[in-house]
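Me: I am new to this structure and would like to go through it by question and answer. Please show it first.

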Amino acid sequence: MSLPVFIFPDLASYSVGDSITLDGAEGRHAVTVKRTAVGERVALSDGAGVTAVVEVTAVEGKEVLRGSIVTHEREPLPQPAVTVVQAIPKAGHADLAVDLATQAGADAIVAWAADRCVAKWDGKKIPKALKKWQDNAAAAAKQSRRPRVPEVSGPLTTKQLAARIAEADLALVLHEDATESLKNLDCTAATDMLLIIGPEGGIGPDELDILTQAGARPVKLGPQVLRTSSAAMVALAAVGALTERW
C-alpha cells in the first residue's frame, strides 16, 4: 500500500538523515485525521517534484509530527509537458474537472472564459475561484500520490488563448466534429502541449475558427461526446499512452 502524502514546501533544502517537522494544517491532517503513529512512514512532497519518505520519530499534540528523512528524490519532469486549458464549467463540474485532470497528470491548468461558458468570473470572483481550483488540484495531487501540484492560472479570453496557442509546440482542441483522431497524431516531437477543453455548450464555429487560425488542431477522442468535466482526463490518458509520459 502506498504511503500517505503531505505537502512540505521547503523540502528541497533537506537531505537524507535530516530531522524534519510537519505541523500546521498538514501536520494536523497527519496526526489527527490519519492518526499517524511513531515508527510509521509517510511521504512528503514540495508540490514541485521533490519527494521524501520520512520515518516518524515523535507525535506531539494534535498537529506536530517529527521524523527522519529516509529517502529524498527529485522526480524528472514528464515529457511532453501538458497544459490543460479548461473552459470554465459550472461549480460542481469545475471541481470535478480540476480533480480528474490533476489525477491524470496535467502539468498546469488554465481557466478559459469561452463564449459559451455558463459560469462567469468577474474581477471580484477571480482570486477566490482560482484559489478553489488550486486547492482542488493540491488535494487531488496528494490523493493520487503525485510529486507535483499543477499550477492553476487564468482566466484567459479567447484572444489571449490564441496568443498562447501560437507559442506552444502542439495545441489540440477537442471537438466532436473534428475529422482527425488523437490516436493517429504523432506527439513525440512536442515538448509543450496544450489540451483545450470546451464548455458544456461546446465550442462555437466562430470561436473554433479563431483557435485553429492561431494553430490549434481540432481532434476527437472517440465516438462518444464527453462531458467537459471528464474530457481532460480521457485526453491526458491518451497522450500518456502515445508518448513517453507513461
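Reply: Before the pairings, one definition: two strands pair if DSSP finds at least two bridges between them. The model discussed here is predicted.

Me: Which residue in β5 does S19 stand opposite?
Reply: Strand β2 covers residues 19-22, and β5 covers residues 64-74. These two strands pair in the antiparallel sense over four bridges. In β5, the residue opposite S19 is S68.

Me: What is the order of the strands in the open sheet?
Reply: The sheet has five strands, and their pairing is mixed. β1 (5-7) and β2 stand at the edges, each with a single partner strand, so one side of each is left without a neighbour in the sheet. Neighbouring strands are turned by 40° against each other on average, direction ignored. The order is β1-β3-β4-β5-β2.

Me: Which strands does helix α1 touch?
Reply: Helix α1 spans residues 24-33 and packs on the sheet. Its direction makes about 155° with that of β1. The strands touched by α1 are β1, β2, β4 and β5.

Me: Is E26 buried or exposed?
Reply: E26 lies in helix α1. Its relative accessibility is 17%, and the cut-off for buried is under 20%. E26 therefore counts as buried.

Me: Which backbone nitrogen does the side chain of E26 reach?
Reply: Leaving aside neighbours within four places in sequence, E26 is in contact with F6, I7 and K142. At a distance of 2.6 Å, its side chain reaches the backbone nitrogen of I7.

Methods: Residues numbered from 1 in each chain as written. Predicted model: local features only at pLDDT ≥ 70, side-chain atom pairs only at ≥ 80, totals over all residues. Heavy atoms only, no water. Axes fitted to C-alpha atoms, helices over the stretch in contact; angles between N-to-C directions. Contact = heavy atoms within 4.5 Å. Buried < 20%, exposed > 50% of the residue type's maximum accessible area, 1.4 Å probe, protein only. Polar contact = N/O pair within 3.5 Å; in protein donor to acceptor, adjacent residues only side chain to side chain.
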